[in-house]
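Subject: Structure to look at

Hello,

Here is the structure I promised you. Please open it and keep it on screen while you read my notes.

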Amino acid sequence: LSNDPEHFKINKDFASGLYSFYENYSSNGFEIVKGQITGPISFGLSIVDQTGRSIIYNESYKEIILKLLEMKARWQIKFLRKLGKDIIIFIDEPYLANFGSSFFNIDRDEIIASLNTIIDAIHNEGIFAGIHCCGNTDWSLLAGTHTDIISFDSYSFSESLALYPDEIRKFLERGGSIAWGAVPTSEATFTETENSLFKRLESQIKKISQKDIPIELIYKNSLITPSCGLGTLPSELAYDIIQKTIAISKLARDDF
């Protein structure tokens, strides 16, 4: 009611990585820092009421979820602004991989409206917003939101993006960007080199461009990332993934 993001502060016990990043931050070479919240669909489906029903199906709880996550995002923005860099807040939506299944009883318009509520709140702070889904989903759904970035596991699911050429082209034409999760966040990365991963990515982009999406538009509006988060991985594996991501990004800049 007080509209105070500090009331929704993320405790260090629940986000030790965020505080460690902040305390050890070095500005050398960084233009943008990234925060992240759980998306409203995944959050609302993963928590149940006293009857065992997911709380997203209760309109009162749904309204609370949206406000809670908006304030969590606003608190992170306030916290990360102290670093003096541009900020992206990503909305993590793993449950969207179940869209269209019998498990998933939320319609398209409701999903887009819920996501836009959070995205618009982030935009109102003058901040970029992104959506990440680590599984396969209907990518036209994400392209239909106000998001600035669609982040996906291109290592595993690049072909599914090509199923929605019209929506993806319109998304890119309005200034949206695709974050290609080109480096697998598993031990599969040890079997790859930066060159093999780059060639795989290059091939994927060329295939999608054949769906009447100008390849220059794709190149211009692309980011290179790991396929998913690294927080649960052994440090050796995480380090290897980060190094390969940097290397592929440099190859892409030189080649594209």
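A salt bridge is a side-chain nitrogen of Lys or Arg within 4 Å of a carboxyl oxygen of Asp or Glu. Keep in mind that this is a predicted model.

Salt bridges come first. Side chains of opposite charge can pair when their charged atoms come close. How many salt bridges does a search of the whole structure find? The search finds 11.

**The network**

Start with the linked group. Salt bridges join K67, E70, R74, R81 and E125 in a network. Two of its pairs are worth a look.

Take K67 and E70. Their side chains meet in a salt bridge, 3.3 Å from N to O. Both residues sit in helix 3, three residues apart, which is about one turn of the helix. E70 has 14%, so E70 counts as buried.

Now take R74 and E125. The closest N and O atoms of this salt bridge are 3.1 Å apart. This pair links distant parts of the chain. R74 is in helix 3, while E125 is in the loop between helix 4 (108-124) and strand 3 (128-133). They are 51 residues apart. R74 counts as buried because its relative accessibility is 16%, and the cut-off for buried is under 20%. E125, at 23%, counts as partly exposed.

E6 lies in the segment before helix 1 (16-23), and K78 lies in helix 3 (residues 59-80), so the pair ties together parts that are 72 residues apart in sequence. E6 counts as partly exposed, at 35% relative accessibility. K78 counts as partly exposed too, at 41%.

**Helix 10**

Next, go to helix 10, residues 235-255. What span should its 21 residues have at 1.5 Å a residue? They should span 30 Å. The end C-alpha atoms are 30 Å apart, so the two values agree.

Which residues of helix 10 are buried? They are L237, A238, D240, I241, K244, T245, I248, S249 and A252. What covers these buried residues? The cover includes strand 5 (177-183), helix 8 (194-209) and strand 6 (222-226).

Best wishes

Notes:
Residues are numbered from 1 along each chain as its sequence is written. This is a predicted model: local features need pLDDT of at least 70, side-chain atom pairs count only at pLDDT 80 or more; totals for chains, interfaces and linings use all residues. Side-chain values use heavy atoms; hydrogens and water are left out. Helices (H or I, at least four residues) and strands (E, at least two) are DSSP runs, numbered from the N terminus. Buried means under 20% relative accessible area, exposed over 50%, partly exposed in between (1.4 Å probe, protein chains only). The expected span of a helix is 1.5 Å times one less than its number of residues. Contact means heavy atoms within 4.5 Å.
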